[in-house]
Amino acid sequence: MRPVNAALGSAGVMLGLVASVLGALTLAAGLRQRRRTGAPPFLCRSGPPAGTHRRKNGSGGDEVGGGSGPGLGLLWLGRSFAWLVLGGAVLATVAMEIALVTHDFSLQYVADNGSRSTPLLYTVASLWSALEGSIILWALVLSGFLAALVRRFADQAGDPLVAWATLAMFVVAAFFFALMVGPADPFTTVAGAVPADGPGPNPLLQNHPLMAVHPPLLYLGYVGFTVPFAFAVAALVTGRVGEGWLAATRRWTLVAWGFLTTGIVLGAWWSYEVLGWGGFWAWDPVENASFLPWLTGTAYLHSVMIQQRRGMLRVWNLSLLVATFSLTILGTFLTRSGVLDSVHSFTESPIGPWLLSFFGATVVVSLGLIGWRGDRLRAPGRIDSPVSREGAFLANNVVFAAFAFVVLLGTVFPLLVEAVNDDRISVGTPYFNRMTMPLGLVLLFLMAVAPALPWRKASGELLRTRLHWPAWAATGVVVAAVLLGARGLAPLLAFGLGAFAAAAALRQLALAARASRRRGGSVLAGVVGRANGGMVVHLGVVLVAVAFAAASSYDSSVEARLAPGESVSLAGHTVTYLGMDEPVVTGQRETVAARVQVDGGQVFQPALNRFPNATQTIGTPSVRTGLTEDVYLTLVAGPDQPGDPAVIGVVVQPLVVWLWIGGGVMALGTVLAVWPGEHRRRQAGVAVRAGHDGGDTDEDAARDPVDVDARPEPAGVS
Amino acid sequence: MSARRLLPWLALVLVLAGALVVGSAGDGGPRTDAERTAALSSQLRCPTCRGQSVRDSNAPAAAAIRTEIARRVEEGQSDEEILAYVDGQFSESLLLTPPRSGVGSLVWILPVAALVVALAGLAAAFRRWRPPAPPEVSEEDRRRVAEALGSEGTDR
C-alpha cells in the first residue's frame with residue numbers, strides 16, 4: 001500500500017505536465033499550419049453551426065467562414081488534451097487525499113501535516129494547509145477551468161481565438177505541474193524510517209470548519225481569473241482585440257470574481273472566529289495578496305462596460321486583466337516563498353525564484369503583446385463629458401487603481417527598504433487605514449452617483465431629479481447617527497455615503513422591476529441580469545462598508561483578571577467570570593474552557609487549546625452575536641490553580657454580523673448578474689455565443705461587414 | 001435655475017453640514033486610560049509574531065508590552081514618550097506606522113504622487129476628447145448661406 005500513493009500521485013503530476021505541454025504544442029502546431037496555408041480566419045459567430053455539423057460528419061465540407069482546412073485536426077486534437085490534464089490533476093488530488101485519510105506517513109507531506117488524531121474534516125482539508133498540497137489544489141482548479149473552457153467552446157475549437165486561449169491555459173497549467181515536479185513535489189517520500197504519527201496541520205488551521213471551505217473558494221476565484229487572462233492574450237495574439245472576447249468571457253470573469261469575493265469574506269470570518277483578537281481584517285500580507293486581484297478585477301468589471309458600450313479603453317482593460325492574473329502569481333510568491341520574513345530568505349525556499357520568474361515572464365510577455373498590437377488597440381471614440389456614466393467608471397478605475405497601488409506598495413515596501421539599505425521597517429494597519437479610508441469613501445460616493453448618470457452626458461437637472469431622494473436618505477442617516485451618539489467624521493461620512501449608495505441602488509432596482517412589470521414580465525426580472533445583479537452587489541458592498549466603518553470605529557475592549565464571581569463592565573455590558581470547566585482532551589488537543597456570563601443571561605465558554613507540538617496555546621473565542629453588536633469573549637490566561645483568577649478578554653463591536661450578511665448579498669448579487677436576463681433567455685438555444693451582445697470586433701466587422709447584420713436570427717436557427 | 005428648486009438642496013446641505021459638524025466635534029480621540037492603552041498598543045507590532053499588533057496578539061511578549069504601556073499611561077506619560085520608549089527597547093522598529101522621513105516617507109508620498117499623475121492624465125484625456133470647436137464662419141459665408149436660403153434669410 002505504501003509506495004502506491006506516492007507512485008499514483010507522481011504519475012498524476014507527470015500526466016498533467018506531459019498533457020499540458022503536448023496540448024500547448026499541438027495547438028501551436030495547428031495554429032501555425034492554418035496560418036501558413038492562409039486558411040480563412042474562423043470567426044466566433046460562424047463557428048457554432050459549422051462546428052456542430054463538422055462534428056457529426058467528420059471532416060466536413062467547405063462551409064462559409066472556414067469550417068475546415070489544414071490544422072483543424074490538430075486544433076481538435078490539442079484541445080482534447082485538457083481532459084488528460086484534468087485526469088492528471090484529479091489523480092494527484094485523489095492520491096494525496098487517500099494518503100492523508102489513510103495516514104500514509106511514508107509521504108513527507110503527510111508526515112509533516114497529518115496526524116492520526118486529527119478529525120476527518122481537517123485531515124481532508126490538510127490538502128491546502130501547506131505549500132505542496134495547495135499547489136495540487138491550484139492545479140486541480142486550473143485544470144477544472146481548462147476542461148470547462150474546452151467544453152464550453154467545443155463548437156468553436158477551430159477558432160484561433162479559442163485555440164490561443166486554450167493554449168495559454170495549457171502553458172499556465174504546465175507551469176503549475178512543473179512546480180510539482182520541481183521545487184514543490186508533494187509526493188516525496190520520507191527518508192529513513194516511516195514515522196508512526198505526525199504533528200497534524202498547524203493548530204490554527206484545525207480550529208474551525210470554515211478552513212474547509214474558505215481556501216477552495218478563494219482558489220476558485222484566484223485561478224478563475226486565468227480564463228479571461230487567457231482570452232486577453234488570445235485576443236492580442238490574433239489581433240482580434242475588439243469586443244468579441246469580452247462578451248465571451250463576461251460570465252467567466254463574474255464567476256471568478258464571485259468566488260474570490262466569497263473566499264475573502266469567509267477568510268475574514270474565519271479570522272474573527274479563530275484568531276481571538278476580535279478583528280476580521282489585519283492588512284496582513286496574506287490578506288492583501290487575496291485583496292489585490294480583487295481590486296483590479298473589480299476595476300475591470302466596471303471599465304469593461306465602457307469598452308462594450310463605446311469600444312474604448314482597450315489597452316486599459318487588457319492591462320487590468322494582466323494585472324489581475326499576475327497579482328495572483330505575485331501574491332502566491334509573496335505568501336509562499338518566505339520572502340516576507342526577510343528579503344534574504346526567499347532564495348532558501350526553492351519555489352520563490354520559480355514564481356517570481358513566472359510573474360516576470362507574464363508581465364513582460366503581456367506588455368510586449370500590448371505594445372506589439374498598439375496600432376489596433378487605439379480606439380476612435382471619445383468620452384464627451386466627465387459627468388457621465390463613462391466618466392464615473394473612469395473615476396472608479398482611477399480610485400481602484402490607486403487603492404491597489406496603496407495595498408501593493410504597503411505590502412512590499414518593507415522588502416524594498418530592506419533590499420535598499422538593510423533597514424527593517426513595518427507598514428501596518430495604521431498606514432493602510434489612513435491611506436485607504438479616503439479612497440473607500442470616494443468609491444461609496446461614486447457607487448451612489450454612477451447608476452444615476454446616463455451614458456455620454458448628464459445634465460444638472462437630470463441628476464438633481466434622480467439623486468433627490470437618495471441624497472435625503474443619506475442626510476437622514478447622518479442625522480440619525482449623530483442623534484444616536486455616533487461621533488467622528490470618517491464613520492459618519494461612511495454611513496451617509498453608504499445610505500446614498502444603497503438608496504441609489506434600490507432606486508435602480510425599483511425602476512427595473514417597474515419597467516419589467518409594465519412589459520408584462522415579473523418583478524423578479526428587476527434583480528436579474530448584469531446591471532440589476534450589479535446593484536444587488538452594490539447593496540452588499542454598502543453593508544460591508546458600513547459594518548467595517550462601525551466595527552472598527554466604535555469597538556471597545558478590555559482585558560480583566562477576574563476571580564470566580566467577579567465582573568467587568570464594558571460598553572454597557574456586564575461580563576461575569578463564573579469559573580472553569582473540567583479540561584477536555586480530544587485526541588492530542590487539551591481544551592480548558594471558562595464559563596463566562598454576559599449581562600446576567602447566557603453563559604459562554606471561551607477556551608484555550610493546547611496542542612502537543614505547538615509552543616503557544618490557541619484560543620477559541622466565544623461570541624454573542626447580535627444584529628446590532630457582538631460581545632466577543634476570549635480566555636487570555638486560565639487560572640494557575642483551580643479557583644484562582646483568570647484573565648478574560650472582552651471586545652464589544654457594533655454591526656459585525658453585517659459584514660458576513662453583506663458578503664452573502666454580494667455573492668447573491670453575483671449569481672443574479674450571471675443569471676441569464678430576459679434578453680439572454682429569449683436567445684437561449686441559439687448557438688451564437690461569443691459576440692452576441694453586439695460584441696463583434698471592429699476588425700471582424702471591417703473584414704466582413706455583411707456578416708454583422710447577417711447573424712442568424714433566433715427563429716431562423718432554432 | 002429658480003430659487004424654489006434650489007431651496008431643498010440648500011436645506012439638505014445645511015442639515016448635512018450641521019450634523020457632520022456636531023458629529024465630529026465630540027470626537028476628541030481616546031479618553032480613558034484603557035482606551036489610550038488600546039490605541040497605543042495597536043500602533044506597535046508584536047515582536048514575536050508576524051503581522052499582528054501588540055493589541056491583537058496573545059503572545060506573552062505582546063502581553064508584557066501591553067502591561068508596560070498601561071503602567072506608563074497611568075503615570076501620565078504622553079503618547080509619544082510611551083511609543084518612543086517601547087520602540088527603543090528593541091533592535092528593530094516596532095512602529096506599525098512607517099516613518100515620515102528618510103526612505104520610509106516614500107510609502108506616503110508615492111501613492112499621492114501616483115494619484116495626482118493619474119488625475120492629471122485623466123484631465124488631459126478629457127481635454128483631448130473634447131469635441132472640436134465649431135469652425136469659424138466668415139461674413140462671406142453667412143451671406144452665401146443667406147442667399148442660398150432665399151428671402152427669409154436676408155432679414156438677418
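This is a predicted model: local features need pLDDT of at least 70, side-chain atom pairs count only at pLDDT 80 or more; totals for chains, interfaces and linings use all residues.
**The interface between chain B and chain A**

The size of an interface is often given as the accessible area lost when the parts come together. Between chain B and chain A, about 4,400 Å² is buried, and carbon and sulfur atoms give 68% of this area. On the side of chain B, the residues that lose the most area to chain A are B:Trp9, B:Phe126 and B:Trp129, which together make up 14% of what that side buries. Counted by residues, 51 from chain B are in contact with 52 from chain A.

Polar and charged pairs are also found between the two chains. There are 7 residue pairs in polar contact, with both residues at pLDDT 80 or more. The number of salt bridges between chain B and chain A is 2. A salt bridge joins the side chains of B:Arg66 and A:Glu559, with a distance of 3.2 Å from N to O. Helix H1 (3-25) and helix H5 (106-129) of chain B are the elements that give two or more residues to the side of chain B that touches chain A.

**A nonpolar patch on chain A**

The residues A:Met14, A:Val18, A:Val21, A:Leu22, A:Leu25 and A:Val181 make a nonpolar surface patch of about 470 Å². Helix H1 of chain A, which covers residues 2-36, gives the most to this patch, with 5 residues. One residue of the patch, A:Val21, lies in helix H1 of chain A.

Most residues other than glycine have a negative phi. In chain A, A:Trp283 has a positive phi although it is not a glycine, and A:Arg456 is likewise a residue other than glycine with a positive value. The table sets out their angles and accessibility.

| Residue | Phi | Relative accessibility |
|---|---|---|
| A:Trp283 | about 55° | 7% |
| A:Arg456 | near 70° | 44% |

A:Trp283 sits in the loop between helix H10 (244-274) and helix H11 (285-310) of chain A. A:Arg456 is placed in the loop between helix H16 (429-449) and helix H17 (460-483) of chain A. A:Trp283 is buried, because its relative accessible area is 7% and buried means under 20%. A:Arg456, at 44%, counts as partly exposed.

Notes
Residues are numbered from 1 along each chain as its sequence is written. Chains are lettered from A and ligands numbered from 1 in the order in which they are written. Side-chain values use heavy atoms; hydrogens and water are left out. Patches are made of residues with over 30% relative accessible area and no salt bridge: like charges are joined within 9 Å, nonpolar side chains (Val, Leu, Ile, Met, Phe, Trp, Tyr) within 5 Å. Accessible areas come from the Shrake-Rupley method with a 1.4 Å probe; for residues, only the protein chains shown count as cover. A salt bridge is a side-chain nitrogen of Lys or Arg within 4 Å of a carboxyl oxygen of Asp or Glu. Helices (H or I, at least four residues) and strands (E, at least two) are DSSP runs, numbered from the N terminus. Contact means heavy atoms within 4.5 Å. Buried area is the accessible area (1.4 Å probe) that two parts lose on being put together, summed over both. A polar contact is a pair of N or O atoms within 3.5 Å; within protein, one must be able to donate a hydrogen and the other to accept it, and residues adjacent in sequence count only if both atoms are side-chain atoms. Buried means under 20% relative accessible area, exposed over 50%, partly exposed in between (1.4 Å probe, protein chains only).
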